[in-house]
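Let's take a walk through this protein together. We'll look at a few charged side chains and then at a greasy spot.

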Amino acid sequence: MASRAKRSSRGDRRWRLPEALPALGPAAMRIYVAIWSVLLVAAIVLAAVGVHYGLEPHRNPTWSALGITVLDRPGGATVVDVVGSEARAKDVKPGDAVLAVDGRRVPSGSGAAASAGRWVLGPDGTVKKLTLRTGADARDVTLTRSRDAREQYFRDAGISSLALYGLSAAFDLAGALMLIASAILLFRQRRQPVAALLSMGFVAMAATMTAGSWLLLVSLGLATLVAPMSTLGWTATLLAVMTMPDGRFALRWTLWLAVALLMFDALFLARTMPYWLSDALALTFTVGAVAAMGFRYRKLPRGPERQQLRWAFLGFATGAALMAASVSLDLIAPALKEADAHWGIWVQLGLALFYALGICAFALGLLVSLLRYRLYDADAVIGRSAGYALLTVLLAGAFGITAKLIEVFFETSFARDAGALPGAVGAGLVLTMIAPMHRRIHGWAERRFQKDILRLRRDLPPAVDDLRETASLDELLGETLGHVMRGTRATWAAVAIDGDIVARRGPKGDDCPTEVPLRIAHQNLSIGTLLVGRRPDFTPIGKDEREALATVADPVARAIRIVRVREAHIARGEERLAAIEDRLNVAVSS
């Protein structure tokens with residue numbers, strides 16, 4: 001009976017799912033660093049060589065030397081952009097499916113466009129026959145390779161070769177930032193499971209993020225490596241997000257979500273599911289990982305871990321907004337191309353730039369979160385970002401609506417064009433609205449995201465005004481320091497008068513505190529100094545906290561002076577009463 005129970009308990013331990021990410025031992029850490037180093041070298045080489053390689057149209061396997069861009073879509077390899085004059089003249093349009101190249105059938109599934117891209121390589125003047133399907137009809141089109149096809153398109157849109165290289169380098173900013181973030185996490189916090197996962201995820205994604213990197217892999221016949229490396233990066237990042245900040249599956253369902261994610265990866269790499277289903281599931285897992293972080297955030301008490309998640313959320317929110325802008329540009333691109341074909345290249349550059357910046361925001365949020373650097377500045381950054389975003393949207397809306405109304409008014413009332421008047425009036429209205437709207441939005445952002453600082457400014461002055469008439473100096477300073485520590489989230493605070501510490505809250509700090517002079521403004525009289533220590537993340541208080549303390553310094557200084565004067569009067573009165581009592585006692589005794 002006992003042996004059966006013992007076997008049962010062993011079986012339970014054997015099959016029990018882990019509740020946290022496993023820590024890496026010495027042997028596992030050596031393997032991890034070796035894999036990371038290989039991916040780092042691959043990422044650097046692919047990015048450096050691939051940028052130049054991807055900008056050479058005569059060697060570019062993305063079809064641009066034929067004047068078209070072909071990418072994978074649910075229906076297979078599909079034309080998504082037409083940049084060459086010959087292709088436009090032969091009525092090649094976005095949405096045409098590429099069925100064959102020189103009679104060789106284009107494979108279906110992920111990587112079809114990249115695989116078939118090798119078949120269109122060749123010197124200038126090479127003629128390629130493409131079999132295209134438009135709707136239900138298939139037709140053959142011959143296109144001639146030319147290194148000038150892509151460059152001429154850029155020149156027609158007003159983009160020089162130098163500007164093109166600069167924009168391409170800007171698009172690689174996200175990959176470079178991820179490499180830097182990966183290296184920082186590896187060398188500073190690689191023994192923490194979440195940091196180790198993110199470091200591996202960032203370096204794997206950076207290896208395939210830039211356009212030139214996967215172009216080079218395709219040309220070398222290594223296109224099959226793209227999917228495993230990008231999947232490794234995506235999976236490692238999502239697992240880290242699910243378990244932030246301490247590597248534990250704090251919610252039971254997140255563990256099953258992680259298991260489902262690994263199963264999905266296996267099916268995806270085996271290419272056993274359709275394109276649309278893999279995209280839908282990938283989005284589902286991403287949303288699930290962010291939701292897991294959100295539920296974890298709601299359960300955590302106030303402290304460094306909660307602030308870590310706030311920074312991660314800030315990165316996600318900013319990145320999502322920038323990527324939404326990228327998707328919006330992608331949606332309006334067809335309409336702009338219909339109006340002017342040259343707008344297409346500007347739209348593509350814009351959406352790529354927004355996407356790259358979104359990746360940068362995502363990586364920076366997670367990096368700051370894990371390094372626990374200036375965690376308590378998240379509220380100020382979130383508030384300012386939300387405030388400026390809302391101000392921009394409102395001002396742009398006011399300008400657009402005003403200009404349109406004036407334009408419609410002139411067309412309906414005077415049957416003529418209003419000329420530049422709508423724009424001038426709209427711009428003038430926006431200028432008059434900037435200051436009042438900024439004040440209102442700043443107040444809203446402060447109430448929403450910086451409640452502690454708002455309470456400090458609002459509650460401390462009336463509190464010291466009440467206490468200065470009745471409380472002792474110790475009571476006054478104790479109440480003041482309590483408000484200061486709650487408002488700034490400092491680990492300790494103190495008040496110094498005449499060079500001596502007269503009151504302290506929190507453990508004794510051995511760091512260099514922030515000093516705020518306690519000065520009565522209208523008398524230019526210095527009363528003392530407010531000393532504020534570092535926050536739990538070991539960083540000094542921020543600019544917003546210092547400004548709030550400077551605002552309340554005057555009422556606190558006046559209250560301290562009044563209390564000290566009142567206590568001095570009371571002390572002198574007590575001394576006089578004591579002296580009178582002594583004299584009375586002497587007179588009575590004599």
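**Charged partners and a nonpolar patch**

Asp 452 is buried, with a relative accessible area of 15% (buried means under 20%, exposed over 50%, partly exposed in between, using a 1.4 Å probe and protein chains only). Keep in mind that this is a predicted model, where local features need pLDDT of at least 70 and side-chain atom pairs count only at pLDDT 80 or more, while totals for chains, interfaces and linings use all residues. Residues are numbered from 1 along each chain as its sequence is written, and side-chain values use heavy atoms, with hydrogens and water left out.

So who does Asp 452 meet? Its side chain joins that of Arg 455 in a salt bridge, 3.3 Å from N to O (a side-chain nitrogen of Lys or Arg within 4 Å of a carboxyl oxygen of Asp or Glu). Both sit in helix H17, residues 451-467, 3 residues apart, or about one turn of the helix. Arg 455 is partly exposed at 38%. Together with Arg 489, Asp 452 and Arg 455 are linked in a network of salt bridges.

A search of the whole structure turns up 12 salt bridges. One of them pairs Lys 90 with Glu 86, at 3.3 Å from N to O.

Now for the greasy spot: Leu 173, Leu 353, Phe 354 and Leu 357 form a nonpolar patch on the surface. Patch members have over 30% relative accessible area and no salt bridge; nonpolar side chains (Val, Leu, Ile, Met, Phe, Trp, Tyr) are joined within 5 Å, like charges within 9 Å. Phe 354 counts as partly exposed because its relative accessibility is 31%.

Technical notes: Accessible areas come from the Shrake-Rupley method with a 1.4 Å probe; for residues, only the protein chains shown count as cover. Helices (H or I, at least four residues) and strands (E, at least two) are DSSP runs, numbered from the N terminus.
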